[in-house]
Amino acid sequence: MRKGKSVAAKAIEGESNDDEAGLTATTKKLLADYNLKYPIFQAAPGGQDLAIAVAQSGGMGAVALSFDSPDYAFKVVNRMINATNGNFYGNYVLSVPPKSLDRALEAGCPIIQFSWGIPGQGVVNKVRHGGAKLGIQVSSNLGAKKALSFDPDFLICQGIEAGGHVQGTSSLLESIEGILELAGPVPVLAAGGIANGKDIRQVVSAGAAGAVLGTRFMATKESDAHDDYKRELIAANGNSTVYTICFDKEPTFASGTWDSAHRVLRNSTFQEWEAAGCPLSGSRPGENDVVATHPVYGETLRYETMSPVTGHEGSLEAMALYAGEGVGKVKDLPSAGDLLERLWKEFKATR
Ligand SMILES: Cc1cc2nc3c(=O)[nH]c(=O)nc-3n(C[C@H](O)[C@H](O)[C@H](O)COP(=O)(O)O)c2cc1C
């Protein structure tokens, strides 16, 4: 994680750091409110098996529902509810309308979390009437103010260190400072570049209630990331990622592009594009190459935003290999449960 100004932990009355793990009152409250053993949230990607394993092990599981049909989202949430007594959330990126939200709520999704946009009042009302808790990802004071006007149950602050489509434009520790001040008693979780227990301690010491980990959970046994992608993550070092607009094709969008920066591994597609002078869309090397195929998702063209999951075949190294700046600390492929235990041990050892 990038170094930033150290922020004093939130001053909450009765705060105590005297138990074994040295938890702040903010974190203790998060654990109690969400029935968690660890103040660790899985980020949206990774699939249902990972989400179940995380939730069963005492972390917060997550399922990405943005692109699911309403009926499929209903099934996913149902499966989660039947498979675990632990907690989980359904994630929607608001670059597309949350078309499966009604059915996810009907199935009993306990928490809905939005990124890439602030939901409108109508969507917030749906979440509330559906009985779910509400989480919103932000990356700036302005976004936090708007999100807080909807009285969310928690915020996630995403820093530019994050893997995948990156909403944040400044470092996590820089952006979280103002957001914590604005949030007051609303818990704020930190996301971006967090890959070990020491990183989690750093953000909790800065005042975050907990941490959200994406890249680290992709390299677990249960994650649905393709084995080749997992190997690339494990082989990467701290300088392997780049924040770029190189990957932008999104065939499921009406516009055909997803205009966002993202953090990925510097793979062959990126390197060839960079060597060609970073030309604009339409003039990029190998623009229409089919780099991979999948029995369900079909063909993936070079520069598409899809990352490799189980079932993909082809030149998977050339696909968008999302990875956060913490990827250099990812050196193995544990089960999600073992990973959570290890993160917690490292957290406790760092005071
Ligand atoms: C493979 C991958 C896919 C992602 N997909 C989503 C997504 O569907 N929705 C979302 O809100 N964030 C998504 N993200 C971003 C994560 O929510 C989170 O902000 C990020 O992973 C945190 O940084 P880290 O990867 O360094 O831990 C994705 C990240 C990765 C690595």
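**Ligand site and sheet**

Author: Of the 21 residues around the ligand, those that come nearest are S115, Q158, G193, G214 and T215; a residue is near if one of its heavy atoms lies within 4 Å. This is a predicted model, where local features need pLDDT of at least 70, side-chain atom pairs count only at pLDDT 80 or more, and totals for chains, interfaces and linings use all residues. Residues are numbered from 1 along each chain as its sequence is written, and side-chain values use heavy atoms, without hydrogens and water.

Reader: How far is an oxygen atom of the ligand from an N or O atom in the side chain of S115?

Author: A polar contact is a pair of N or O atoms within 3.5 Å. For the side chain of S115 the distance is 2.5 Å. For the side chain of T215 it is 2.6 Å, and a polar backbone atom of G214 lies 2.8 Å from a ligand oxygen. The protein covers 90% of the 590 Å² of accessible area that the ligand has on its own (Shrake-Rupley method, 1.4 Å probe).

Reader: Which strand and helix each supply at least two residues of the shell?

Author: They are β3 (88-93) and α9 (215-218); strands are DSSP runs of E with at least two residues, helices of H or I with at least four.

Reader: And the sheet: what is the order of its three strands?

Author: Strands of a sheet pair through backbone hydrogen bonds, either parallel or antiparallel. Here the open sheet runs β13-β12-β14, with antiparallel pairing (at least two DSSP bridges between two strands). Its edge strands, β13 (298-301) and β14 (313-314), each pair on one side only. β12 (residues 290-294) and β13 share four bridges, and V290 stands opposite L301 in β13.

Definitions and conventions: A polar contact is a pair of N or O atoms within 3.5 Å; within protein, one must be able to donate a hydrogen and the other to accept it, and residues adjacent in sequence count only if both atoms are side-chain atoms.
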